[in-house]
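Me: I would like to go through this model with you. Could we begin with how the chain folds back on itself?

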Amino acid sequence: MCLDIDDTLVDFTSSARRALFDLIGRDDMWPCWQRTTDEHVARVVAGELSYDAMHKARTKAFFADLGALLDDDLVATLEERRRTQLCTTWQLFSDAIPCLDWLRAAGFKLAAVTNASGNHQRAKLADLGIARFFDTLVIAGELGAAKPDPVIFHTACARMGVRPSETVHVGDLIDTDAMGARDAGLHGVWLSRSSHDHDATEPGIQTIESLADLPELLVSEYRTPDVTATTGADFRCREGVV
């Protein structure tokens, strides 16, 4: 089982948006921040920038789009302020821990698969108390491949010792997570917490509204009762999905 982190387990967008608002005093520039972030993360994955350099370069480019040409010292100060605020406000979705507890109790191997920076994500998982759930953490910036590249999904599977066809990946982005996983040979599950997005269906993609729905999906879609079992609690994986 592979899980995305930000906006799947962790309510990252709320914290990041709040941190940006505290920095600039307005909320309408969030789409611009997201666009600038995507452009700079792509440069990290391509090996052009380190994550530390990316954070400063992104902030400088963002303020330039606002018409403010800032020197490097001021950019560093603003970025440090934003990241400090961000790290003090992130929190798990309420359905994260119950889902992780269930997956572990059911014997699933778990990989966290993220396009964010390694140090940042490791600190986040540790601070929120969920690092203990994962067998491996696969990070785009360290690997040199980011979702939806099949390489990152296959790396997660290899580290867990399972085949892609035996693996489910769950994430909040239908293209990057669910479709990327499907196209890499995994079972793609789209976590769509916003009901207005549900019409954006894709062949071979399962959709859930909450991580609370995941156990039922796994049991109903990927497992069948073992007819030779002596108790109703025994199940056999249809495709060995983990």
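Me: What share of the contacts with a separation of 6 or more comes from residues 24 or more positions apart?
Reply: In the protein chain, 59% of the contacts with a separation of 6 or more are between residues 24 or more positions apart. Contact here means heavy atoms within 4.5 Å.

Me: What should I keep in mind about the source and the numbering?
Reply: This is a predicted model, in which local features need pLDDT of at least 70 and side-chain atom pairs count only at pLDDT 80 or more, while totals for chains, interfaces and linings use all residues. Residues are numbered from 1 along each chain as its sequence is written, and side-chain values use heavy atoms, with hydrogens and water left out.

Me: How many helices and strands are there?
Reply: The protein chain has 10 helices and eight strands. These are DSSP runs numbered from the N terminus, with helices being H or I of at least four residues and strands E of at least two.

Me: And how much of the chain is buried?
Reply: Of the 242 residues, 48% are buried. Buried means under 20% relative accessible area, exposed means over 50%, and partly exposed lies in between, with a 1.4 Å probe and protein chains only. The accessible surface comes to about 11,400 Å², and carbon and sulfur atoms hold 50% of that surface. The areas come from the Shrake-Rupley method with a 1.4 Å probe, and for residues only the protein chains shown count as cover.

Me: Which residues have the most contacts inside the largest nonpolar core?
Reply: They are Met1, Leu103, Phe134, Val170 and Leu214, in a core of 46 residues. Helix 1 supplies the largest share of this core, six residues. Another core, of 21 residues, lies apart from it and includes Cys2, Ala140, Cys157 and Ala181. A nonpolar core is a set of buried Ala, Val, Leu, Ile, Met, Phe, Trp, Tyr and Cys residues joined through side-chain atoms within 4.5 Å.

Me: What does Phe134 touch?
Reply: Leaving aside neighbours within four places in sequence, Phe134 is in contact with Leu3, Leu9, Leu100, Arg104, Leu110, Ala111 and Ala112.

Me: Back to helix 1: is Ser15 buried or exposed?
Reply: Ser15, in helix 1 (residues 12-24), counts as buried because its relative accessible area is 1%. Not counting residues up to four places away, Ser15 touches Leu86, Thr89, Trp90 and Gln91.

Me: New topic. How much space lies in the largest pocket, and which residues are closest to its centre?
Reply: The largest pocket holds about 1,200 Å³ of space. Its lining has 40 residues, and those closest to the centre are Asp6, Asp7, Phe12, Asp38 and Leu173. On a 1 Å grid over the protein atoms alone, a pocket is an open set of points where a 1.4 Å probe fits, with protein on both sides within 12 Å along at least five of seven lines, and lining residues have an atom within 4 Å of a point. Grid points are joined across faces, edges and corners, and the volume is the space filled by probe spheres set on the points.

Me: Which helix gives the most to that lining?
Reply: Helix 2 gives the most, with eight residues. Among the other elements that each supply at least two are helix 3 (51-65), helix 4 (72-87) and strand 5 (187-191). By class, the lining has 16 nonpolar, 12 polar and 12 charged residues. Ala, Val, Leu, Ile, Met, Phe, Trp, Tyr, Cys and Pro count as nonpolar, Asp, Glu, Lys and Arg as charged, and the others, Gly among them, as polar.

Me: What is the phi of Asp7?
Reply: Phi of Asp7 is near 65°, a positive value in a residue other than glycine. Asp7 lies in the loop between strand 1 (2-3) and helix 1, and it is buried because its relative accessibility is 18%.

Me: Where is the cis peptide bond?
Reply: The cis bond joins Lys147 and Pro148, with omega about 15°. Pro148 is in the loop between helix 7 (140-143) and helix 8 (150-160).

Me: Last one: what does Ser117 touch?
Reply: Apart from neighbours within four places in sequence, Ser117 is in contact with Tyr51, His55 and Ile139. Ser117 is buried, at 6% relative accessibility.
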